[in-house]
Amino acid sequence: MRRQRDGIAALYGRRSECAILDDLVAGARAGRSQVLVVRGDAGIGKTALLDYMEANAAGCRVARVAGVEAEMELPYAGLHQLCGPFADRLDRLPDPRRIAFGTAFGLTAGQAPDRFLVGLAVLDLLADRAEQQPLVCLVDDAQWLDRVSAQTVAFVARRLLAERIVLVVAIRNPSDELDFAGLPELTISGLTEADAGRLLDSLPGRI
Ligand SMILES: Nc1ncnc2c1ncn2[C@@H]1O[C@H](COP(=O)(O)OP(=O)(O)OP(=O)(O)O)[C@@H](O)[C@H]1O
Ligand SMILES: [Mg+2]
């Protein structure tokens, strides 16, 4: 049987990957911001690793979103998921950023906002939240984020410094997106034969 830990199914193998994720969370608890882009084929275990991270982020606030294929053509749909829970702190932002953010999300009437200002607003909102508690942001299925959201998440990722924020972005291969290029990456490959065997044995029915 697959082991259960605190109601969450434990992973087979993946020790080194889990250690990397643990370090990221420990870094956030210690006041460092870090970013990791997790890449791998369909079904390789990217979401399972995000699940692991979420289950092992005690003491941190977790903000988790996933790209939705049906929303790829809707600008800001992904960011709306990510920042929705933090929008109550909007009034703490400088006016230009608050207005740009509000316009992007239909809270304020106006022309299409300056994306740079929206990016800064998102960074402000996340940093503001992380002042209260380390923040773990998990973005799954980033290959399905709408373009503006992907660009903004990458923009934020490149500017994280000492805000106590960990940002992990999972992307399915093959992917031709370039928005996250240049950020630290972890490529997930197959399980060892022994771990794959244990995983198969744990599944109901025969394969
Ligand atoms: N190391 C592991 N131990 C136990 N179960 C695993 C492991 N890796 C993956 N799984 C299980 O295999 C299935 C596929 O994994 P997962 O959904 O994480 O893949 P993925 O990389 O996110 O795929 P996709 O690109 O389709 O989103 C899930 O049921 C997951 O729980
Ligand atoms: Mg997945």
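## Fold elements and model

Helices (H or I, at least four residues) and strands (E, at least two) are DSSP runs, numbered from the N terminus. The model is predicted: local features need pLDDT of at least 70, side-chain atom pairs count only at pLDDT 80 or more, and totals for chains, interfaces and linings use all residues. Residues are numbered from 1 along each chain as its sequence is written, chains are lettered from A and ligands numbered from 1 in the order written, and side-chain values use heavy atoms, without hydrogens or water.

Where does P174 sit? It lies in the loop between strand 6 (165–172) and strand 7 (185–187). The peptide bond between N173 and P174 is cis, with omega about -5°.

Two non-glycine residues have positive phi. D141 has a phi near 50° and is not a glycine. It belongs to the loop that runs between strand 5 (135–140) and helix 6 (147–157). D141 is buried, at 18% relative accessibility (buried is under 20% relative accessible area, exposed over 50%, partly exposed in between; 1.4 Å probe, protein chains only). R164 is not a glycine either, and its phi is about 65°. It occupies the loop between helix 6 and strand 6. At 23% relative accessibility, R164 is partly exposed.

## Ligand 1

In Y12, a backbone N or O atom is 2.8 Å from a nitrogen of ligand 1. In G43, a polar backbone atom is 2.7 Å from a ligand oxygen. In A48, a backbone N or O atom is 2.8 Å from an oxygen of ligand 1. Alone, ligand 1 exposes 630 Å², and the protein buries 75% of that (Shrake-Rupley areas, 1.4 Å probe).

## Salt bridges

Side chains of opposite charge can pair when their charged atoms come close. How many salt bridges does the whole structure hold? The criterion is a side-chain nitrogen of Lys or Arg within 4 Å of a carboxyl oxygen of Asp or Glu.

R92 pairs with D128, with the closest N and O atoms 2.7 Å apart. This pair links distant parts of the chain, 36 residues apart: R92 is in the loop between helix 3 (77–83) and helix 4 (95–104), and D128 is in helix 5 (residues 115–132). D128 is buried, at 9% relative accessibility. R97 pairs with D124, with the closest N and O atoms 2.9 Å apart. Here helix 4 carries R97, helix 5 carries D124, and the pair again links distant parts of the chain, 27 residues apart. R97 is partly exposed, at 24% relative accessibility. D124 is also partly exposed, at 21%.

R198 and D195 form a salt bridge whose closest N and O atoms are 2.9 Å apart. Why can these two be called neighbors along a helix? They are three residues apart in helix 7 (residues 193–202), so about one helical turn separates them. R198 is partly exposed, at 45% relative accessibility. D195 is buried, at 12%. Elsewhere, R39, E177 and E185 form one network through salt bridges that share partners.

## Cysteines

A disulfide is a covalent bond between the sulfur atoms of two cysteines. The cut-off is a pair of cysteine sulfur atoms within 2.5 Å. How many disulfides does a search of the whole structure find? It finds zero.

Why is C83 not bonded? Its sulfur is 8.3 Å from the closest cysteine sulfur, in C137, which is too far for a bond. C137 is in no disulfide, and its nearest cysteine sulfur is that of C83. Are these cysteines buried or exposed? C83 is buried, with a relative accessible area of 1%. C137 is buried as well, at 1% relative accessibility.

Note on methods: Polar contact = N/O pair within 3.5 Å; in protein donor to acceptor, adjacent residues only side chain to side chain.
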